Amino acid sequence: MSLMSRTTAEGSVASSPATPVWGELRYSGELARLLADGALRSPRRREDAAPVLLIPGFMAGDNSLRILRHWLRRRGHEVAMSGMRVNIGCAERIVTRLEDHLQELHADTGRRVVVIGQSRGGTLARALAVRHPESVSGLVMLGSPIRDGLAVSAQVMRTVRAVALLGDLGMPGVFSTKCHEGECCARFRKDLLAPLDPDVHAVAVLSRTDGIVDWRACVDPHAEAIEVSSSHCGMSVHPEVYRALDRTLDSWEG
């Protein structure tokens with residue numbers, strides 16, 4: 001299956017979101033509701049909060065998760081970031097770099113890490129959890145198309161093709177069409193469908209009103225599904241997501 005001509009493969013979704021992409025304009029309203037909720041803005045601090053590694057989505061950088069980062073820190077977590085300014089690199093190369101971040105955070109805190117990723121970041125987070133269950137206690141995937149990375153809106157698919165073309169032309173730090181089906185990312189693709197270690201807690205947050213990713217691509221048979229009514233980009237600022245995270249992290253830490 002190539003980036004330029006999709007066919008349905010076993011285990012893939014091969015469809016686009018039912019919600020129009022303009023539904024993503026809800027982001028500002030979702031953020032406003034979060035900021036207006038005093039209880040969410042100032043969560044109760046947990047003394048036993050696990051360290052967290054945050055990974056941004058496609059075409060985004062660490063700054064896109066700054067609100068979530070601040071909220072987690074107020075909750076008591078030590079938070080490390082991915083070090084990415086823009087998430088457009090070869091997935092296997094990114095995971096290899098993130099393994100170093102994960103191991104460093106694990107060693108510095110002496111505790112297993114909760115890895116949280118948004119969209120493509122969640123697929124990278126899952127690969128980390130599969131490879132290093134001794135260092136990962138929990139996995140949270142926010143709108144992450146682990147079953148089919150190309151089950152996206154037509155507008156986003158055009159962006160994916162444009163970025164892949166740059167990679168094909170030799171631009172450094174950019175994925176190419178070979179990443180989707182070639183040897184370079186074969187291990188990463190396998191990790192997306194591999195079972196998770198029983199000691200790794202996992203949730204997949206999905207939305208049927210996601211305007212970017214088909215929600216069915218986010219269903220992970222090895223993770224608990226949590227459904228919210230959110231835009232795709234808004235999952236990092238949506239009040240429902242924060243309430244779900246609060247409950248989930250409490251249950252893992254308890």
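Me: Which residues does Arg33 touch, not counting residues up to four places away in sequence?

Reply: A contact here means heavy atoms within 4.5 Å. By that reading, and with residues up to four places away in sequence set aside, Arg33 touches His238 and Pro239. A word on the model before we go on. It is predicted, so to speak of local features needs pLDDT of at least 70, side-chain atom pairs count only at pLDDT 80 or more, and totals for chains, interfaces and linings use all residues. Residues are numbered from 1 along each chain as its sequence is written, and side-chain values use heavy atoms, with hydrogens and water left out.

Me: Where does Arg33 lie?

Reply: Helices (H or I, at least four residues) and strands (E, at least two) are DSSP runs, numbered from the N terminus. Arg33 belongs to helix α1, residues 27–36.

Me: Is Arg33 buried or exposed, or something in between?

Reply: Buried is under 20% relative accessible area, exposed is over 50%, and partly exposed is in between, with a 1.4 Å probe and protein chains only. Arg33 is partly exposed because its relative accessible area is 46%.

Me: Let's take another arginine. What surrounds Arg46?

Reply: Not counting residues up to four places away in sequence, Arg46 touches Arg75, Gly76, Asp246, Asp250 and Glu253. Arg46 sits in the loop between α2 (38–41) and β1. Its relative accessible area is 7%, so Arg46 is buried.

Me: How many residues does helix α9 have?

Reply: The expected span of a helix is 1.5 Å times one less than its number of residues. Helix α9 (residues 239–253) has 15 residues and reaches 21 Å from its first C-alpha to its last, close to the 21 Å expected.

Me: And which residues of α9 are buried?

Reply: An α-helix has 3.6 residues a turn, so residues three or four places apart point the same way. In α9 the buried residues are Pro239, Val241, Tyr242, Ala244, Leu245, Thr248, Leu249, Trp252 and Glu253. Two of these names have come up already: Pro239 is touched by Arg33, and Glu253 is touched by Arg46.

Me: What about Arg126, buried or exposed?

Reply: Arg126 is buried because its relative accessible area is 0%. This arginine lies in helix α5, residues 120–131. A polar atom of the Arg126 side chain lies 2.8 Å from the backbone oxygen of Ala194. Leaving aside neighbours within four places in sequence, the contacts of Arg126 are Leu139, Met141, Ile146, Asp191, Leu192, Leu193, Ala194, Leu196, Asp220 and His222.

Me: Which residues does Val115 touch, not counting those up to four places away in sequence?

Reply: The contacts of Val115 beyond four places in sequence are Leu53, Ile55, Leu102, Ala125, Leu128, Val136, Gly138, Leu139 and Val140. Val115 is found in strand β3, and at 0% relative accessibility Val115 counts as buried. Val115 and Leu139 are 24 residues apart in sequence and 5.0 Å apart in space, C-alpha to C-alpha. Leu139 is also in contact with Arg126.

Me: Which phi does Met59 have, positive or negative?

Reply: Met59 has a positive phi, about 65 degrees, although it is not a glycine. Met59 lies in the loop between β1 (52–55) and α3 (66–75), and at 44% relative accessibility it counts as partly exposed. Ser119, not a glycine either, has a positive phi of about 55 degrees. Its place is the loop between β3 (113–118) and α5. Ser119 counts as buried because its relative accessibility is 10%.

Me: To finish, where is Met157?

Reply: Met157 is in helix α6, residues 154–168, and at 6% relative accessibility it counts as buried. Met157 and Arg45 are 112 residues apart in sequence and 41 Å apart in space, C-alpha to C-alpha.

Conventions:
Polar contact = N/O pair within 3.5 Å; in protein donor to acceptor, adjacent residues only side chain to side chain.
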